[in-house]
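Subject: Structure handover

Hello,

Here is the structure you were going to look at. Please open it first, then read the notes below.

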Amino acid sequence: NNHKSDSRGALIVLEGLDRSGKTLQSRKLISYLEGLSYSVESWRFPDRNTGVGQMISSYLANKSELDDHAIHLLFSANRWEKRFVSMSHALCYVLLLQRSLMENKLRCGTTLIVDRYSFSGVAFSSAKGLDIEWCKAPEMGLLAPDLVLYLDIPPEVICSIIKFVVEVKAPEMGLLAPDLVLYLDIPPEKAAERGGYGGERYEQLEFQRKVVRSYQILHDASWKTIDACLPIEDVEKQLQEVVLDCVTTCQKGKPLSQLWS
Ligand code: TMP
């Protein structure tokens, strides 16, 4: 029935200051959901494996200098890159109705646990003094192509694809809004005491205090704040509870929506 065909994976984002425990807890959530036989994938931003990601990485390691606006746009581009479809995947892209990689995964029933997303983009750049609305803008605007026709396929296949495509709703336009944002709350002073702190550009106490204020502005009803100073196992338990609840709601067919639309 209709209800069942709308079943999908959940888009779950972990946010918080540097060293708040997001990466460790993401890993734990993945094993937890896998243990319950859910299809689940781990994503993270910045994705340092791409060309753009390498520029970001070099900037964060203080090996290169960039204008604050430029680095903000690179972080955003790094999220948009996930929409890119290579020629070898073009046919697949048409068949999958022009959805972004992210939307496809979700619609195929895979839950994504994403370590940082657009909220980090806005929180960190606005903490430098950039206008918050300007920071949000590149996360919303780009238009997806309505149709990519890769011509190296038999015409009868194209005809059946086009028929298929016109029957579906308009493709996704902006980045997707997460179903749940898990904010791992830690005072900047406490985060600074944790191992490995201070290695990258933004890991400075005074700056992280500003990031906290920016995160507070972005907070809305889809956010769940978890006390990241609790023992690791307690944080893990709390996360499991809200995540399971969210995954179940999405399985029942909660519609996808656009970020900040
Ligand atoms: P990471 O330690 O989670 O890999 O993140 C690297 C740093 O990049 C971290 O200090 C947060 C910052 N950041 C931004 O400034 N903008 C963004 O869009 C993202 C995803 C991260």
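In which loop is R19 found? R19 is found in the loop between β1 and α2. Helices here (H or I, at least four residues) and strands (E, at least two) are DSSP runs, numbered from the N terminus. The phi of R19 is near 70°, a positive value in a residue other than glycine. R19 counts as buried, because 22 other C-beta atoms lie within 10 Å. The cut-offs are these: a residue is buried if 20 or more other C-beta atoms lie within 10 Å of its own, exposed if 12 or fewer, and partly exposed in between, with C-beta atoms placed from the backbone.

Two notes on the source. This is a predicted model, in which local features need pLDDT of at least 70 and side-chain atom pairs count only at pLDDT 80 or more, while totals for chains, interfaces and linings use all residues. Residues are numbered from 1 along each chain as its sequence is written.

Other backbone points

N62 also has a positive phi, near 60°, in a residue other than glycine. N62 sits in the loop between α3 and α4, and it counts as exposed because it has 10 C-beta neighbours inside 10 Å. F45 and P46 are joined by a cis peptide bond, with omega about 0°. P46 lies in the loop between β2 and α3 (51-60). For background, most residues other than glycine have a negative phi, and most peptide bonds are trans.

The chain and its sheet

The chain has twelve helices and five strands. Of its 261 residues, 31% count as buried. Two residues are in contact if their C-beta atoms, placed from the backbone, lie within 7 Å. Among contacts between residues at least 6 apart in sequence, 81% join residues at least 24 apart.

The five strands form an open sheet in the order β2-β3-β1-β4-β5, with parallel pairing. Its edge strands are β2 (40-44) and β5 (223-227), each of which pairs on one side only. Neighbouring strands of this sheet are turned by 20° against each other on average, direction ignored. Two strands pair if DSSP finds at least two bridges between them. Strands β2 and β3 pair in the parallel sense over five bridges, and W43 has V114 in β3 as its bridge partner. Four bridges join β1 to β3, which run parallel; there the partner of L11 is L112. Strand β4 (residues 180-185) and β5 also pair in the parallel sense, over five bridges, with V181 opposite W223 in β5.

Helix α2 (residues 22-35) packs on the sheet and touches β1 (11-16), β2, β3 (111-115) and β4. The direction of α2 makes about 170° with that of β3. Axes are lines fitted to C-alpha atoms, for helices over the stretch in contact, and angles run from 0 to 180 degrees between N-to-C directions.

What is enclosed

Five of the five residues of β3 are buried, so β3 is largely enclosed by the rest of the structure. Both of its faces are covered: T111, I113 and D115 are buried on one side, L112 and V114 on the other.

Ten of the ten residues of α7 are buried, so that helix is largely enclosed too. Its cover includes β1, α4 (68-80), α8 (132-140), β4 and α11. Just after α7, G129 takes a positive phi of about 110°.

A nonpolar core is a set of buried Ala, Val, Leu, Ile, Met, Phe, Trp, Tyr and Cys residues joined through C-beta atoms within 7 Å. The largest one has 40 residues, of which I12, A123 and L182 touch the most other members. The largest share of this core, six residues, comes from α12. Leaving aside neighbours within four places in sequence, the contacts of I12 include I113, V114, L180, L182 and V243.

The ligand

Which residues surround the ligand? They are D18, F45, P46, L60, F75, R116, S120, G121, F124, E200 and Y202. To be near a molecule, a residue must have its C-beta atom, placed from the backbone, within 6 Å of it. Helix α7 (residues 118-127) gives the most to this shell, with three residues. The shell divides into six nonpolar, two polar and three charged residues. Here Ala, Val, Leu, Ile, Met, Phe, Trp, Tyr, Cys and Pro count as nonpolar, Asp, Glu, Lys and Arg as charged, and the others, Gly among them, as polar.

Regards
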